[in-house]
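Please keep the structure open while reading.

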Amino acid sequence: MIALPLFDGKNRFRVIQLNYTELVLVDYSYLKEREMIDLTDYHRLWAKGKNNTSFIANYIGTYGTPAYMKAAYQFTEETKSSVIRGAFLGINGPKVALLKGIVYFMNVNFKAFDSEEEALTFVTEKTKD
């Protein structure tokens, strides 16, 4: 298992403040489909009505099943006006194509990263007005 300082293995959903940015940490690592869907639904309900939130999601050791992808689509559709950035860890192989499709077709600012440091930089950078 890869140690990630932001993800302690106990808290699957945390909200922190970092550089004046409200940041959600969502840890899907090694979860099964039902647990992933439940966590995505929780994040979706939390994000509705919020403004300018970002998240880092840890997908190490997971699989994007059709049922999970349906939940992820619903999350993205319902929160794209409130979530300004999403950073993904553990996205490789076929998951890269899935993420690229979501970004392209749903016009969201989501990216995959190899390290927490890169993900943090992306989600906390200031937007240019």
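Contact here means that heavy atoms lie within 4.5 Å. The model is predicted.

**Packing of α1 and α2**

- Two packed helices are described by the angle between their axes and the distance between the axes.
- Helix α1 spans residues 33-47 and helix α2 spans residues 66-79; their axes are 9 Å apart, and the packing angle is about 5°.
- Angles under 35 degrees count as roughly parallel, and α1 and α2 are therefore roughly parallel to each other.
- The α1 side of the contact consists of Glu33, Met36, Ile37, Thr40, Asp41, His43, Arg44 and Ala47.
- These residues meet Ala67, Tyr68, Ala71, Ala72, Gln74, Phe75, Glu78 and Thr79 of α2.
- Sorted by class, the residues in the contact of α1 with α2 are 8 nonpolar, 4 polar and 4 charged.

**The two sides of α2**

- With 14 residues, α2 reaches 20 Å from first C-alpha to last, close to the 20 Å expected at 1.5 Å a residue.
- Buried in α2 are Tyr68, Ala71, Ala72, Phe75, Thr76 and Thr79.
- Viewed down the axis of α2, the buried residues fall within an arc of 135°, so they line one face of the helix.
- An α-helix has 3.6 residues a turn, so residues three or four places apart point the same way.
- Pro66 and Lys70 are exposed on the other side of α2.
- The cover over the buried residues of α2 includes α1, the strands β3 (53-58), β4 (83-89) and β5 (110-113), and the helix α3 (94-106).

**The buried residues of α4**

- Helix α4 runs over residues 116-124, and its buried residues are Glu116, Ala119, Phe122, Val123 and Thr124.
- These buried residues of α4 pack against β1 (13-18), β2, β3, β4 and β5.

**Buried loop residues**

- Ser29 sits in the loop between β2 (21-27) and α1.
- The relative accessible area of Ser29 is 10%, and Ser29 is therefore buried, the cut-off being under 20%.
- Setting aside neighbours within four places in sequence, Ser29 is in contact with Arg12, Asn58, Ile60 and Thr62.
- Ile91 belongs to the loop between β4 and α3.
- Ile91 is also classed as buried, because its relative accessible area is 16%.
- Neighbours within four places in sequence aside, the contacts of Ile91 are Tyr59, Val96, Leu99 and Ala112.
- Ala112 and Ile91 are 21 residues apart in sequence, while their C-alpha atoms are 6.2 Å apart in space.

- Most residues other than glycine have a negative phi.
- Tyr30, a residue other than glycine, has a positive phi, near 60°.
- Tyr30 lies in the loop between β2 and α1, and its relative accessible area of 42% makes Tyr30 partly exposed.
- Asn107 also has a positive phi, near 55°, and is a residue other than glycine.
- The position of Asn107 is in the loop between α3 and β5.
- Asn107 is exposed, because its relative accessible area is 70%, and exposed means over 50%.

Note on methods:
Residues numbered from 1 in each chain as written. Predicted model: local features only at pLDDT ≥ 70, side-chain atom pairs only at ≥ 80, totals over all residues. Heavy atoms only, no water. Axes fitted to C-alpha atoms, helices over the stretch in contact; angles between N-to-C directions. Helix = DSSP H or I, 4+ residues; strand = E, 2+ residues; numbered from the N terminus. Parallel < 35°, antiparallel > 145°, perpendicular 65-115°, else oblique. Nonpolar A, V, L, I, M, F, W, Y, C, P; charged D, E, K, R; others polar. Expected span 1.5 Å × (residues − 1). Buried < 20%, exposed > 50% of the residue type's maximum accessible area, 1.4 Å probe, protein only. Arc of directions from axis to C-beta.
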